[in-house]
Amino acid sequence: MTNVRAAITQTTWTGDTASMLDRHEQFARDAASQGAQVICFQELFYGPYFGITQDAAYYDYAEPADGPIVQRFAELAKELGMVMVLPIYEQAMTGVYYNSSVLVDADGTVLGTYRKHHIPHVEKFWEKFYFRPGNLGYPVFDTAVGRIGMYICYDRHFPEGWRELGLNGAEIVFNPNATKPGLSNRLWELEQPAAAANNQYFVAAANRVGREDNEYGDEAVTFYGKSQFCDPRGNIVGDYGSETEEELLIRDLDLSLIRTARDSWQFYRDRRPDSYAAIPAP
């Protein structure tokens, strides 16, 4: 497949999981009605971004990678004929939790899981309280729309994983986020386009939007949206998403641009892994 119509979403926590699931099902249906073949939701899409606090009550949002939420959306993927990236709070076993994305193919087959590797622990991103670091590598999966890889939020600050995904054959990397104003604003504009250009594939980055004060009151942060697609030359495809409003972004991606970019700049030919001695060292 050369041309892929892809969708990403951004929304605000409604206050309950049931309505979040319904909202995201409607996003998928709306995207399918507009011809989208693949969709990715925001980080931890069916709950609040609970890294704002350190509270064991939020462990209750975790469920297995083959649990009811994934099963529900796998059935929807099959019904709509749409590939889905489902960012969930994964319970591997009681007391062992990961920040994960599950990939479902257009026939409803669950292809596999990516677990977020890089776990922040700074003000209002207290993620080490909730997540173990990922241990499934940087998998890339063959899907109905091409070869898809996944990265999650804070991962995007680490170029090594982006390159691993490129070396594993990714054509589109989906990067769901929960990103707020502050130090990240300028990085948000730089990192995804740079990763797309450096690795010569498409990047689709979904971010939360709005203020979750219905959950956290005065402690809440305001997520700034600006979800984006980037092409293999580092260009933004279409416009950024809104900084304030819920939105479904749909863009047409021409996968032939990957070959064009790689034939123009031979980054994979000219890389020197034999010389990068410090990178794999602990």
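Select strands S3 (residues 83–93) and S4 (residues 96–104): they pair in the antiparallel sense over 9 bridges. Two strands count as paired if DSSP finds at least two bridges between them. Strands here are DSSP E runs of at least two residues, helices are H or I runs of at least four, and both are numbered from the N terminus. Now pick Pro87, which stands opposite Ser101 in S4.

This is a predicted model: local features need pLDDT of at least 70, side-chain atom pairs count only at pLDDT 80 or more, and totals for chains, interfaces and linings use all residues. Residues are numbered from 1 along each chain as its sequence is written, and side-chain values use heavy atoms, with hydrogens and water left out.

**The helices**

Contact means heavy atoms within 4.5 Å.

Next, show H1 (residues 17–33) and select Asp30 in it. Asp30 counts as partly exposed because its relative accessibility is 30%. Buried means under 20% relative accessible area and exposed over 50%, with partly exposed in between (1.4 Å probe, protein chains only). The C-alpha atoms of Asp30 and Ala7 are 10.0 Å apart, at 23 residues along the chain.

**The cores**

Colour the largest nonpolar core, which has 44 residues; Phe73 and Met84 are among those with the most contacts inside it. A nonpolar core is a set of buried Ala, Val, Leu, Ile, Met, Phe, Trp, Tyr and Cys residues joined through side-chain atoms within 4.5 Å. H2 gives the largest share of this core, 6 residues. Zoom in on Met84: its contacts include Ala28, Phe73 and Val102. Apart from this core lies another, of 39 residues, among them Tyr151 and Phe229.

**Last stop: Gln228**

Buried or exposed: how does Gln228 count? Gln228 counts as buried, because its relative accessibility is 0%. Gln228 lies in strand S14 (residues 228–230). Its contacts include Ile8, Pro193 and Tyr240. A polar atom of the Gln228 side chain lies 3.3 Å from the backbone oxygen of Trp188.

Technical notes. A polar contact is a pair of N or O atoms within 3.5 Å; within protein, one must be able to donate a hydrogen and the other to accept it, and residues adjacent in sequence count only if both atoms are side-chain atoms. Lists of a residue's contacts leave out its neighbours within four places in sequence.
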